[in-house]
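Hi there,

Here is the structure I promised to pass on.

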Amino acid sequence: MKTTNSATATYDGLGKSGKGHVKTKSGALDHPYGFNTRFEDKPGTNPEEMIAAAHASCFTMALSIQLGNAGFEDGHLETTAKVTLEDDPDGGFRISKSALTLTGKVAEADQAKFEELAKKAKEGCPISKLLDCEITLETNFQG
């Protein structure tokens, strides 16, 4: 199985005063971005927010598939990803961490099995594999 997706980013002006716009092929994302949306909490998105959304959704889908393959049929999963951007000692910035927080309720599962499959999903998620940073996982199993 293979899939290719795309997004297009434009930027008018340069430096901190420039204004960008990012749009996905599907149209699901169509937002402004720039220095002010990244560092000054102005309306719009930023690359780290998009990475957090990608990581949360990829991990959650991977866990859903792991649980389904293990024979579980009913449940609810919710994941928050917090992506940290910080100064890079070599200059510029780097993404240093993606912290996943998972809350899950899976009928007939126990906490040990849930956490085992969550760990496998974290390690197997394509976005986890893509990220070159610390990835943490906190689970909140609700039975």
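**Helix α3 and its surroundings**

Helix α3 has 14 residues and spans 20 Å from its first C-alpha to its last, close to the 20 Å expected at 1.5 Å a residue. That expected span is 1.5 Å times one less than the number of residues. Helices here are DSSP runs of H or I with at least four residues, strands are runs of E with at least two, and both are numbered from the N terminus.

Before going further: this is a predicted model, where local features need pLDDT of at least 70, side-chain atom pairs count only at pLDDT 80 or more, and totals for chains, interfaces and linings use all residues. Residues are numbered from 1 along each chain as its sequence is written, and side-chain values use heavy atoms, leaving out hydrogens and water.

Which residues of α3 are buried? They are F114, L117, A118, A121 and K122, where buried means under 20% relative accessible area, exposed over 50% and partly exposed in between (1.4 Å probe, protein chains only). Seen down the axis of α3, these buried residues fall within an arc of 145 degrees, so they line one face of the helix; the arc is taken from the directions from the helix axis to the C-beta atoms. They pack against α2, β4, β5, α4 (126-130) and β6, with contact meaning heavy atoms within 4.5 Å.

**The sheet**

Three strands form an open sheet in the order β4-β5-β6, with mixed pairing; two strands pair if DSSP finds at least two bridges between them. At the edges are β4 (75-87) and β6 (134-141), each pairing on one side only. On average, neighbouring strands of this sheet are turned by 15 degrees against each other, direction ignored. Axes are lines fitted to C-alpha atoms, for helices over the stretch in contact, and angles run from 0 to 180 degrees between N-to-C directions.

Strand β5 (residues 93-106) pairs with β6 in the parallel sense over eight bridges, and T103 has N140 in β6 as its bridge partner. Helix α2 (residues 47-69) packs on the sheet and touches β4, β5 and β6, its direction making about 145 degrees with that of β4. Helix α3 (residues 111-124) also packs there, touching β4, β5 and β6, at about 155 degrees to the direction of β6.

**Two loop residues**

D41, in the loop between α1 (35-39) and α2, has a positive phi near 55 degrees without being glycine. D41 is exposed, at 76% relative accessible area. E108, in the loop between β5 and α3, has a positive phi near 70 degrees, again in a residue other than glycine. E108 is exposed too, at 79% relative accessibility.

Best wishes
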